Amino acid sequence: MSIRTRFRTSLIAFGALSGVALSAGSADACGGLFCSAANPVNQAAERIIFAKNDDGTVTAAIEIMYEGPAHEFAWVLPVPAGKVDVAVSSKILLDRLDNQSNPQYNLTTQFADGCAVPESGSVGGFPTSPPSAMGPKDGGVQVVAEGNAGPYTYAQLMVDPLLPNPEDAAIAWLELNQFDVGKLAPELLREYLKSGQNLLAFKLQKGKNSGSVRPVLLTYKSDQPLIPIKPTAVAANEDMGVKVWVLGDSRAIPSNYPHLELNEAMINWFNASLNYNDVIIAAANEAGGHGFVTEQSGPAGAFADILYADFEKQSWDQLRTGKFGSMLEFLQTAQQMFGSYDGFQDVMTNPKFVPLREGATHEQFLSCMNCYFETNVPVRNAAYPSTDYLGQLDPIHSLEVLPFLDEFYRLVIQPLEDTSQLFKDHSTVTRMYTTLSPDEMSEDPIFDFNAELGSVNNIHTANRILQCDGSNNEWRVELAGMSIKGTGQDWPITLDSDFPVNLRIVQFGASGGGKLIKDNAPQIANLLTDLKLGEAKPELMAPTPSVPVTPGEKPPAPTTPDLPDDEKDPVGEGPSIDGMQPAANSGGGGCSVATPASTSGGAAHLAWLGLLGLGWMRRRQG
């Protein structure tokens, strides 16, 4: 009986590996995704979570990406008229969501008779409020709500749509009230203001630096999630990545953009991160510039306890109720537990909560807490209302424990709770991704739901069989619907080939299996044969029938089929079952890839993203 050795590698393709750089001097972060400094991948993308609520509202968590002087930060977005609840969310949570829903491309390798088995690590050589004092009704502009959220001061503006040029009135108000709008072209706002939408404007509170910029959490009246992308065209980069998670009772769809089903033969299965984003760009371009790839859709509840984990809940309980020997120990514990979280520095550098003597700075304090304590003063349990202070210290005068904890909860913990709760309140989450260039931002993407569509697994699997005489050169990879042949370490089908990048382009509606716009399966099958790069299988020619989503159902872990005794080639097809399986790692770590230094003489760059009745993104140079 022949001996076969089987190896498996997991090749992760990072969803939304966008080529967008928000500014020449910004850092493109891997977020919570795994990446390697030896093989850096630009993964910057606009990230948005939409939740369609039962009360006729939509909640949106929107990531703001900005780098520049704090006094020049301003963010303006159209929102529906009516009350808008404004809070903050968490970048760490978005990083974890990214990590848990990434597309994964897993390749299993099998060595048949006559194949030399490589050493370990070398698998086959493939190494709506009333007017206020902030801005009374004047010039057709009325402030309907204002307040603070996290590090931001915000104002919701209603502009008279009957004005000849409501956009000019809006810009004049923003400039008068010190919202730095730079060179914003007023006509970008005209369409939204003429339709009766409001504007929501943000700026950083005095004393905050640009490091305080964080995602916001908005809830507003709306029938559907929508991204008014058209104003973004003024300053967007080519092939700007847009990554969206939509929460609801069933699978979400792009209702006015096509759904793109990728031709998986275009993916470099030996290292999918090398060309995954390029494949997405090409697929969108092939569809006329409009189209979303659905990267994952399945039970939302599986994410909730990963986005706000048990260890964080326990850490917060410990900080809130634990006994500490001194104020120093209390603050050091807070830093150890939550020092990297959104909002932490905003609490710790607020003199109301951590007052320092004259001449001392909070930055110095955070870098060396021990240096600022001459004595350790015992403290009682911080949870008891009778504990008014953590002691008189030098050079820190006092710390009011309960107000400190209230503020800590509001800025650090509650954003995690509120955003993760969305995943408990909705049964299904769908992740979609596309890239858009400025000339393609001609239609605002709208999202709807279709309960008749099956779920989408983010885990893709294929099987490679080495057909060799000992050299380990010849192989074939069995994909769902096709077999690809090649030699050595190079994937034989590239983006400069004649192969279509989309297997199918489909327009989905709120019901049914969708309208087929383009079926490239026959062309792909013919090219495989003509170019002697493999062969098509019968299942390639027929779309997979829709399977209703079963909330809570998870797919089994991918498995490797055994080779039959007659040496018939196994077929390793990617899972096409309902549900998804979150990755085991719930961490929010990652790496960063720095872009070249700014060539504009240190000029500041500003990025704006608006959504739904939310708005737009622009960048300016000061």
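## Close-up views of a predicted model

**View A. D317 is partly exposed, with a relative accessible area of 36%.** Partly exposed lies between buried, which is under 20% relative accessible area, and exposed, which is over 50% (1.4 Å probe, protein chains only). This is a predicted model, in which local features need pLDDT of at least 70 and side-chain atom pairs count only at pLDDT 80 or more, while totals for chains, interfaces and linings use all residues. Residues are numbered from 1 along each chain as its sequence is written, and side-chain values use heavy atoms, without hydrogens and water. D317 and R320 form a salt bridge, with N and O 3.0 Å apart; the term denotes a side-chain nitrogen of Lys or Arg within 4 Å of a carboxyl oxygen of Asp or Glu. R320 is likewise partly exposed, at 34%. Because the two residues lie 3 places apart in helix α6 (residues 310-321), about one helical turn separates R320 from D317. Helices (H or I, at least four residues) and strands (E, at least two) are DSSP runs, numbered from the N terminus.

**View B. Helix α6 has buried residues along one face.** The buried residues of α6 include E312, S315, W316 and L319. Seen down the axis, the buried residues fall within an arc of 100°, so they line one face of the helix; the arc is that of the directions from the helix axis to the C-beta atoms. Among the elements covering them are α1 (91-101), α5, α7 (327-338) and α10.

**View C. K424 and D305 form a salt bridge.** Their closest N and O atoms are 3.9 Å apart. The pair joins distant parts of the chain, with K424 in helix α10 and D305 in helix α5 (residues 301-307), 119 residues apart. K424 is partly exposed, with a relative accessible area of 46%, and D305 is partly exposed too, at 44%.

**View D. The largest nonpolar core contains 46 residues.** Such a core is a set of buried Ala, Val, Leu, Ile, Met, Phe, Trp, Tyr and Cys residues joined through side-chain atoms within 4.5 Å. The members that touch the most others are I49, L319, F338, F404, F408 and F423. Helix α10 (residues 401-425) gives the most to this core, with 10 residues. Leaving aside neighbours within four places in sequence, I49 is in contact (heavy atoms within 4.5 Å) with residues including L93, L97, W245 and F423.

**View E. M441 lies in the loop between β16 (428-436) and β17 (447-449).** M441 is buried, with a relative accessible area of 4%. The C-alpha atoms of M441 and A236 are 9.3 Å apart, although 205 residues separate the two in sequence. Beyond neighbours within four places in sequence, the contacts of M441 include I229, T232, A236 and M240.

**View F. Strand β9 (residues 152-159) is largely enclosed by the rest of the structure.** In β9, 7 of the 8 residues are buried. Strand β8 (residues 141-149) pairs with β9 in the antiparallel sense over 8 bridges; pairing requires that DSSP finds at least two bridges between two strands. The hairpin of β8 and β9 has 2 residues between the strands, and there G150 takes a positive phi near 60°. Strand β10 (residues 198-204) runs antiparallel to β9 and is joined to β9 by 6 bridges. A155 of β9 is the bridge partner of E146, and the partner of A155 in β10 is A201.
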